[in-house]
Amino acid sequence: MLLTTRGAGSGELRTAPVMGFAQGDSTWLVVASAAGAAKHPAWYFNMARHPQDVWVEVEGNKLRVSPQSLQGAERDEAWRDILAKSPRYAGYEQKTDRQIPVVRLTGAP
């Protein structure tokens, strides 16, 4: 899916392809893995700075979403579900010292 955020510094709209894990009709999980890089991807910082300016495009449909970075047991459960669907993320986790964020994107009114 395509994820559009407003740049944290520039204020410009930025679009990045991300792997989305559907959690119903208008909810997805996305992983800020950056393939195991030492830093979070730029879109993660953009979302944190401008949470009101986040959209996803799935199968040609664009929808404003509200991001929520998962914490604790909720994040751990989501992470296990993601690894069951896409085991490659386990390798990304092993390549970095940071905890890889999992973000829930929920369709916003």
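Q: Is Trp-79 buried or exposed?
A: This is a predicted model. Buried means under 20% relative accessible area. Trp-79 has a relative accessible area of 5%, so Trp-79 is buried.

Q: How is a pair of aromatic rings described?
A: By the distance of the centres and the angle of the planes. The structure here holds five aromatic pairs. In one of them, Tyr-44 and Phe-45, the ring centres are 6.1 Å apart. The planes stand at 75°, so this pair is edge-to-face.

Q: What is the accessibility of Tyr-44, and what is that of Phe-45?
A: Tyr-44 counts as buried, at 18% relative accessibility. Phe-45 is partly exposed, at 43%.

Q: Why is the pair of Trp-79 and Tyr-89 edge-to-face?
A: Planes over 60 degrees apart count as edge-to-face. The planes of Trp-79 and Tyr-89 are at 70°, so the pair falls in that class. Their ring centres are 6.5 Å apart.

Q: Where in the chain do Trp-79 and Tyr-89 lie?
A: Trp-79 is in helix H2, residues 72-85. Tyr-89 is in helix H3, residues 88-94. Tyr-89 is buried, with a relative accessible area of 5%.

Q: Which residues do ring pairs link into a cluster?
A: Phe-21, Trp-79, Tyr-89 and Tyr-92.

Q: Which residue lies over the face of Trp-79?
A: Arg-75, at 4.7 Å from the ring centre. Elsewhere, the charged end of Lys-62 sits over the ring of Trp-55, 5.8 Å from its centre.

Definitions and conventions: Residues numbered from 1 in each chain as written. Predicted model: local features only at pLDDT ≥ 70, side-chain atom pairs only at ≥ 80, totals over all residues. Heavy atoms only, no water. Phe/Tyr/Trp six-rings, centres within 6.5 Å; stacked < 30°, edge-to-face > 60°. Buried < 20%, exposed > 50% of the residue type's maximum accessible area, 1.4 Å probe, protein only. Helix = DSSP H or I, 4+ residues; strand = E, 2+ residues; numbered from the N terminus. Lys NZ or Arg CZ within 6 Å of the ring centre and 35° of its normal.
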